[in-house]
Amino acid sequence: MVIKVDAVVVKEYVVGESDKYITLFTREYGIIQVGAPRAKKFDKGLASGTELFVYGEFVLTQYKHTYKLISVEPRYTFHHLRENLVILSYASYIAEFVSEVATESSGNSELLTLMLYALHSLNKSSEESAERIRRTFEMRALVVLGFTPELTRCVSCGMSVEGDEHATYTFLVEEGGLCCKKCRSMSALITLSYTTWYVLNYIRLAPYKTLFNFEIKPYVLQEMARLCDEMVAYYIEKSFKTLEFIKSLGILS
Ligand SMILES: [Zn+2]
């Protein structure tokens with residue numbers, strides 16, 4: 001059977017002298033492994049269309065769970081991602097993240113859309129923005145995956161939490177949300193400033209078109225980073241090779 005999928009290449013491997021295997025994150029079928037005979041050497045269109053991060057329409061043959069690439073019509077190649085090692089590392093992390101959390105045979109159209117906007121944003125950004133884009137991606141990915149942080153009421157007593165620029169907020173990772181002053185205990189709390197609280201609300205709700213378009217001060221990014229690290233560790237429970245590499249670059253404070 002011949003099928004068409006809307007997808008991004010999230011992994012590529014060369015096999016032998018001329019063939020490739022690619023992992024596609026598809027809108028329709030989630031993560032699938034696809035054989036791409038002759039894509040390495042003999043067919044220029046297939047070679048460029050099967051590079052990491054290429055987004056497009058892929059035509060495949062499907063036999064049970066085996067897929068073979070026939071042709072690809074790239075829509076975006078995100079070629080700037082490869083021009084800077086820091087940007088490339090962050091883009092690779094986003095690709096690794098989706099290949100870890102997405103599953104075979106169940107599509108996750110919204111996660112694919114989020115990924116495309118994140119790659120697009122990295123593709124036109126400087127390396128100084130990469131960490132902010134990563135944290136925004138992670139926080140919104142948690143929302144897409146059903147782990148929306150509770151930012152408007154206390155997770156313990158349900159009391160509504162107001163926006164107040166003089167307030168500090170405390171976040172309980174295991175309960176997935178904010179905790180009011182009365183219910184605050186001493187353990188496992190993350191403190192957030194008003195600005196971080198405001199930014200998190202923005203990330204939770206902003207349309208994808210403007211999601212990545214904001215600037216923040218370093219302390220806000222640090223608070224977001226700590227929360228994202230703990231939320232991802234607790235709810236996603238995966239370790240990422242690309243993050244080890246990003247740490248080894250020594251760019252994180
Ligand atoms: Zn409470």
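Strands here are DSSP runs of E with at least two residues, and helices are runs of H or I with at least four, both numbered from the N terminus. Strand β1 covers residues 2-15, and that is where Y13 sits. The model is a predicted one, in which local features need pLDDT of at least 70 and side-chain atom pairs count only at pLDDT 80 or more, while totals for chains, interfaces and linings use all residues. Residues are numbered from 1 along each chain as its sequence is written, and side-chain values use heavy atoms, with hydrogens and water left out.

Now to the metal. The zinc ion picks up four protein donors, the SG atoms of C154, C157, C180 and C183, at 2.3 to 2.4 Å (donors being N, O and S atoms within 2.8 Å of the metal, or 3.2 Å for Na, K and Ca). Angles among the four donor atoms run from 102 to 115 degrees, making the site tetrahedral (four donors with all angles between 85 and 135 degrees). Along the sequence, the donor residues follow the spacing C-x2-C-x22-C-x2-C. C157 belongs to the loop between α4 (130-144) and β6 (168-172) and C183 to the loop between β7 (177-179) and β8 (189-193), so this pair ties together parts 26 residues apart in sequence.

As for accessibility, C157 is partly exposed at 45% (buried is under 20% relative accessible area, exposed over 50%, partly exposed in between, with a 1.4 Å probe and protein chains only). C183 is also partly exposed, at 25%, and Y13 comes out as partly exposed at 37%. N123, in helix α3 (residues 109-123), is buried at 16%.

Methods: Tetrahedral: all angles 85-135°; square planar, octahedral: opposite > 155°, others 65-115°.
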